[in-house]
Each structure stands twice: as C-alpha cells, then as structure tokens.
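This report covers selected strands, aromatic pairs and salt bridges. Please view the sequence and the structure together before reading on.

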Amino acid sequence: MTANFNSPQGAQKRFTLMLAGEDAYDADEEQAIGDRPLKGLPHERFLLGDLLPLAPVLLLGQTSQVVNPSEVIACLQPVHLHATRDHLILMGQNQIDLTEAESTELLKAALPFIEEDFQSNILYQDSRYWFIPAGPFASLDSYSVDQAHGRNIEWWMPRDSNVEGIAKQWRKLQNEIQMLWHIDPVNQAREQVGMPSINSVWISGIGKLHDVKAPGILQQVHSLYGSHPILAGLAKLLKLSYETEFHIQMAPGSFAWLDQPERIWPELSQALLNKELDEVLLIDFPKGKVRERVLTRKDLYKKSWAFWKKSDPRTWKEIIL
C-alpha cells in the first residue's frame with residue numbers, strides 16, 4: 001500500500017471511507033478490563049473517543065433543540081430480550097419492527113417510573129430512542145444495543161463505576177418497567193400477530209457533548225455521509241454538512257460510513273482511474289484495532305511478475321483483507 005498516510009487535504013482529492021468494526025472481545029480476552037468488557041464498538045470509540053458519549057451525540061443529530069454540552073444525557077431504548085434455555089439474548093432494534101405509535105404508548109406507561117427515578121423529564125423521543133438527563137444514573141457504565149445485541153445480556157448489563165449501588169437501582173427500575181409492559185395492550189397486540197414483545201428497556205451512551213473526542217481526520221473533511229444517526233450528531237457538533245445518501249460526485253473531501261461499502265467500490269475505482277480522486281483513505285478495525293490505509297490508482301491492480309501483461313483488478317474482498 002502507499003506509505004503516505006498524511007497527504008495534505010488541500011493538495012489531494014481524498015475520500016475517506018470507514019468500515020464498521022466488530023467487537024473483538026470474544027476472540028481476544030485481553031479486551032476485557034477486570035470484570036467487564038471494553039466499552040464501545042471499535043468505530044464508536046474511533047468517532048467519539050474512549051468516554052463514548054453516544055447519547056448526547058445521538059440526541060443532537062435527531063432534534064433541533066439546543067443540547068447543553070455540559071449536561072450528562074442517557075439513552076433509553078425499548079427492546080426485546082429473547083429467552084433461551086439458560087440465559088437472555090438482546091435482540092437488535094432492526095429485528096423488532098417497533099412503530100412510532102407503539103413506542104409512544106409504551107413510554108406513556110413507563111414515564112412516571114422513569115421520570116421519578118431519573119428526577120427529570122424526557123428530552124426527546126422517537127420509535128427507537130428516548131433521551132433523558134442521566135441524573136442519579138450518570139456514573140453508570142453501560143453498553144450500546146449495537147454492541148450487546150445477539151449476546152447473553154448478563155455480561156453486558158450496566159455496571160457500577162465510581163458510585164456503588166447505581167446498577168442495582170437501574171435494575172430495579174428495569175424490572176418495574178418489564179412487569180408493567182408484560183400486560184400492556186401494545187404487547188398483547190404484537191403477540192397476536194407473531195411479533196416479538198417489547199419486554200425490557202436498555203440504557204446506554206451516558207455522557208456529555210464536552211466528552212466527545214472526534215478523530216483528527218474529521219477536521220480535514222467538509223461532509224459526512226451515511227445513515228447511522230451518530231454521523232448526524234457529529235456533523236452538527238463539528239459544523240459539517242451531512243447526507244444519508246452518498247454520491248460519487250461528492251467524494252473529494254468527504255467522509256463516509258456506509259451500510260454496504262462494497263457497492264460503491266466500482267465507482268471509487270473509476271474515480272481514481274479518471275483522476276477525479278487522488279486517493280481513498282480506508283479505515284477499518286481488524287481485531288478491534290484501528291487500521292488506516294491510503295489507496296491510490298496503482299493499488300487497484302494485483303502485483304504481477306509478468307510486467308508485459310496487464311494486471312488483474314483487485315476485488316473489494318482483496319482490498320479489505
């Protein structure tokens with residue numbers, strides 16, 4: 001690969017593409033810290049810093065209201081816990097198809113309990129996210145649904161950090177809401193049509209905007225592209241333009257985190273060949289570690305000893321290995 005990792009943005013037509021990283025804990029136990037897993041997926045830590053203030057960044061991206069940068073915010077999410085023979089597994093929110101109306105009704109039922117324990121009012125809600133000042137839960141160590149879904153929740157439940165008893169206080173509130181929702185008409189209606197019940201609430205992302213430590217690469221771009229709501233919040237925080245849909249014409253000077261990055265690789269390759277781009281900075285996270293590589297035109301083809309023959313183009317799978 002090309003060795004220049006620090007090409008000046010003004011001199012180079014660079015496009016930055018980040019790939020989502022997988023949590024490496026299962027394969028590498030040194031990622032665990034004491035009695036708990038490392039907090040955050042690799043790309044979450046890369047974008048936000050080790051303190052991972054996901055909640056205020058998500059809130060900023062989803063609302064026009066002013067978010068106090070010094071206020072500690074928590075994110076609550078209605079979820080389904082799937083029971084196996086000996087443990088519970090957290091399902092991802094894209095698996096439960098919760099509607100806006102259902103979410104509103106469930107929140108209405110749980111709201112008195114939530115606002116009493118958090119000692120504050122809900123700041124914003126949509127079908128997937130509810131945001132509230134963290135209040136007495138500000139010190140809780142927690143893990144996002146994106147990190148914990150599909151796993152035994154016992155290892156991913158919130159834990160005390162520097163104040164004892166907060167995790168127990170959260171578990172008590174969580175149990176109260178679970179019992180309340182067990183008999184809620186929303187879940188009765190969902191179960192009648194074979195939908196998973198919304199049988200618990202998940203807390204994560206606790207932090208404040210002042211805790212965000214964005215990577216230096218975001219200071220070198222003018223636009224963010226991708227559908228994840230983290231990007232919407234970061235764009236607003238960093239005063240960058242933001243779009244969910246990526247178009248190759250906008251590649252120079254932009255940063256993208258896309259659901260299916262392999263789909264744009266043919267266009268990126270062509271842009272490099274046509275000199276519409278000078279380089280593509282590819283950021284990924286093998287084994288949970290940040291890796292940055294700069295790709296230029298000469299990196300598009302396989303190396304061959306047969307110099308008289310045209311080399312074959314490298315596939316996307318070969319590029320990301």
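The model is predicted, so local features need pLDDT of at least 70 and side-chain atom pairs count only at pLDDT 80 or more, while totals for chains, interfaces and linings use all residues. Residues are numbered from 1 along each chain as its sequence is written, and side-chain values use heavy atoms, with hydrogens and water left out.

The loop that holds Ser-127 lies between strand E5 (124-125) and strand E6 (130-133). Strands (E, at least two residues) and helices (H or I, at least four) are DSSP runs, numbered from the N terminus. Leaving aside residues up to four places away in sequence, Ser-127 touches Pro-78, Leu-98, Thr-99, Glu-100 and Ser-103, where contact means heavy atoms within 4.5 Å.

Strand E11 (residues 279-284) is largely enclosed by the rest of the structure, because six of its six residues are buried. On one side these are Glu-279, Leu-281 and Ile-283, and on the other Val-280, Leu-282 and Asp-284, so that both faces are covered.

Two strands pair if DSSP finds at least two bridges between them. E11 pairs with strand E1 (residues 14-18) in the parallel sense, over five bridges. It is also joined by five bridges to strand E12 (residues 291-295), and these two run antiparallel.

## Salt bridges

A salt bridge is a side-chain nitrogen of Lys or Arg within 4 Å of a carboxyl oxygen of Asp or Glu.

| Asp-284 | Arg-291 | 2.6 Å |

Asp-284 is buried, with a relative accessible area of 6%. Arg-293 is buried as well, whereas Arg-291 is partly exposed at 24% relative accessibility. Through shared partners, the salt bridges join Asp-284, Arg-291 and Arg-293 into one network.

Glu-176 and Lys-172 are four residues apart in helix H5 (residues 166-182), so about one helical turn separates them. At 22% relative accessibility, Glu-176 counts as partly exposed.

## Aromatic rings

Rings of Phe, Tyr and Trp (its six-membered ring) pair if their centres lie within 6.5 Å; planes under 30 degrees apart count as stacked, over 60 as edge-to-face and the rest as tilted. The count by this rule is 10 aromatic pairs. One of them is the stacked pair of Tyr-129 and Phe-131, at 6.0 Å centre to centre with 15° between the planes. Both residues count as buried: Tyr-129 at 13% relative accessibility and Phe-131 at 0%. Phe-15, Tyr-225 and Phe-246 form one aromatic cluster.

A charge sits over a ring if NZ of Lys or CZ of Arg is within 6 Å of the ring centre and within 35 degrees of the ring normal. Arg-159 lies over the face of Trp-155, at 4.8 Å from the ring centre.

Conventions: Buried < 20%, exposed > 50% of the residue type's maximum accessible area, 1.4 Å probe, protein only.
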